[in-house]
Amino acid sequence: MTSPGPLVLVVEDEPQMRRFLRASLTPHGFRVLEAKTAAEALTLAAAHVPELVLLDLGLPDADGLEVVRALREWSRTPVIVISARDREGDKVLALDAGADDYLTKPFGTGELMARIRVALRHAQAQASTSAPVPVLEVGPLRVDLTARTVTRDGKELRLTPIEYRLLVLLAKNAGKVLTHRQILLDVWGPPHAGQTHYVRVYMGELRKKIEDDPARPKLVVTEPGVGYRLRDPAVTG
Amino acid sequence: MRARRFLSTVLLVALGTALARAVRDLVALPDLVMIYVAVIMVAAAFFGRGPALVASALSVGAYDFVCVPPYYTLAIAESRHAVTFVMMFVVGLLVSELVARVRRHAEEAESATLRAHTEEMRSSLLSAVSHDLRTPLAVITGAATTLRDQGDKLDVAERAELLETVCEEAERLERLVRNLLDMTRLEAKGMKVKREWIPVEEIVGSALTRLERWLEGRAIVTRLPPDLPLLSVDPVLLEQVFVNLFENAAKHTPPGSAIDVTARRVDGAVEIVVADRGPGFPAGDELRIFEKFHRGRGTSAPGAGLGLAIVRGVIEAHGGTVTASNRTGGGAEMRVLLPIVGTPPGMPAAEEAGAPS
């Protein structure tokens, strides 16, 4: 890379993890800024305005969730939270508070880079002032927002209005996790934010139409205890 | 509990006395004594030492009062009766002492067995865990130090192979730690079941997605009827159950062999069966495979033998059952039965299929 790469703020109290993240990010052209505590993270974020934040949820001085909330008061910088398995509740809270995605420890460099690429791309799309894209293409799926048609490998799919709205939401956020709550708010509206089973049942219906084998989904994958993710082959390779 | 035992003893003596009174005029005095001895023995055997002593004392009094002339007074006319009283009381003491001793021995034996069992469990845990933790660690350390110290002397293929080994072993270590944590949580009774309404297909599907790379090249035949009811279960825990069942099936069958998943509604429950075409179980192993640290099917397959114990723990926490059997035509079959709890919540009004509006 010729121009200085994106600045990533790594917020992590474990020195070994910081070393691993630095060693993975630098060769990909990222510049790395490191914070060990929540307080340090907020100071550095305000001073340097990073393009992305990698945030461990277990920090010594405060809950990582507080960092997400504090950041979101003034910044739209994408935040990817890092947390252990079996802390699904914490991940959901962080995502609903405005974090963009999450990584479960342990994770590999491939997964890390895929998440970062998706988060940066979405941040760019949101920041751009140009007109929204009329056609969304994710893997074999093609959603024409103007004609309101969906094709898979060129073949048209007949979706119900709700299935279509679900797919549009997933496609607009391709590669990124969406929590049950985020989906409910977008597709059914605030009065139904607690009806998680709506999402599960309609996601099942959508899968029947877009997946080869709906019981072995390859496109819309379940993130257990968190939500769903439409896989984007463009970033996962 | 204690009061009830003493009350029963008093009733027992009263019963014996009623019997003695009824047959008093038909039998000799020594036979009446036998009734009371029997009462004391019964009290000792069923109610313990204290009640036996009470029974002895009461029996002596009742015998004197009802059976020994002059009737209905505690006065003793002949001194030989006094000897009977003393003998009766001594028998009572001896019997209660014997019973107490037998009980104590039984308890000691039981606690010794329990101790031995716990000890055995602990050492089997330690040896299983330390072996399973050390093996991947040894491989990772070996491969990583080789790469660090002699990396420049290795060709590309050799380096790639060592790196692949590091990744595989790290994954194995991750699985083991995950299982150990799950097991610990199950045993600490700290596992909270967070029930949510979820289709069976999503649980199975999310487990299959997680194992995508592991199951690559395998036919997974799922037969899930479309009219299955939603289940009220913990989605994360149930996903783990099916991950463990699929991992187990994959571990014990040749690569490429098919795994079948079927579900159906049975009376008040949903039954989900994961079946393979591997060697099945040796006779008698169908129950033991769900025990902790049991490595199934007499193989050297990797793992600490925790996967299926976790399956059982989680399913039982949901009020369900899991059983293993050999499949007709060969292979193993795991049958999960989950009771349908509560009434599934309503759905928004059905929509028409057609052009999205």
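**View 1. Two domains sit in one chain.** In this predicted model, the centres of domain 1 of chain A and domain 2 of chain A, taken over C-alpha atoms, are 26 Å apart. The domain assignment places domain 1 at residues 7-127 and domain 2 at residues 135-236 of chain A.

View 2. How many residues of domain 1 of chain A are in contact with domain 2 of chain A? There are 12, and they are in contact with 10 residues of domain 2. On the domain 1 side, the elements that give two or more residues are helix 4 (88-96), strand 5 (101-105) and helix 5 (109-127) of chain A. Helix 4 of chain A gives the most, with 5 residues. By residue type, this side of domain 1 divides into 6 charged, 5 nonpolar and 1 polar.

**View 3. Five strands form an open sheet.** Follow the strands of chain A in the order 2-1-3-4-5, with parallel pairing. Strand 2 (31-35) and strand 5 of chain A stand at the edges with a single partner strand each, so one side of each has no neighbour in the sheet. From one strand to the next, the twist averages 20 degrees.

**View 4. Strands 1 and 2 lie side by side as a pair.** Strand 1 (residues 7-11) of chain A pairs with strand 2 of chain A in the parallel sense, over 5 bridges. To find one spot, look for A:Val10, whose bridge partner in strand 2 of chain A is A:Glu34.

View 5. Helix 5 of chain A lies across strand 3 (52-56), strand 4 (79-84) and strand 5 of chain A. Helix 5 runs at about 170 degrees to strand 5 of chain A.

Key
Residues numbered from 1 in each chain as written. Chains lettered and ligands numbered in written order. Predicted model: local features only at pLDDT ≥ 70, side-chain atom pairs only at ≥ 80, totals over all residues. Domains from an automatic or database assignment. Contact = placed C-beta atoms within 7 Å. Helix = DSSP H or I, 4+ residues; strand = E, 2+ residues; numbered from the N terminus. Nonpolar A, V, L, I, M, F, W, Y, C, P; charged D, E, K, R; others polar. Pairing = 2+ DSSP bridges. Axes fitted to C-alpha atoms, helices over the stretch in contact; angles between N-to-C directions.
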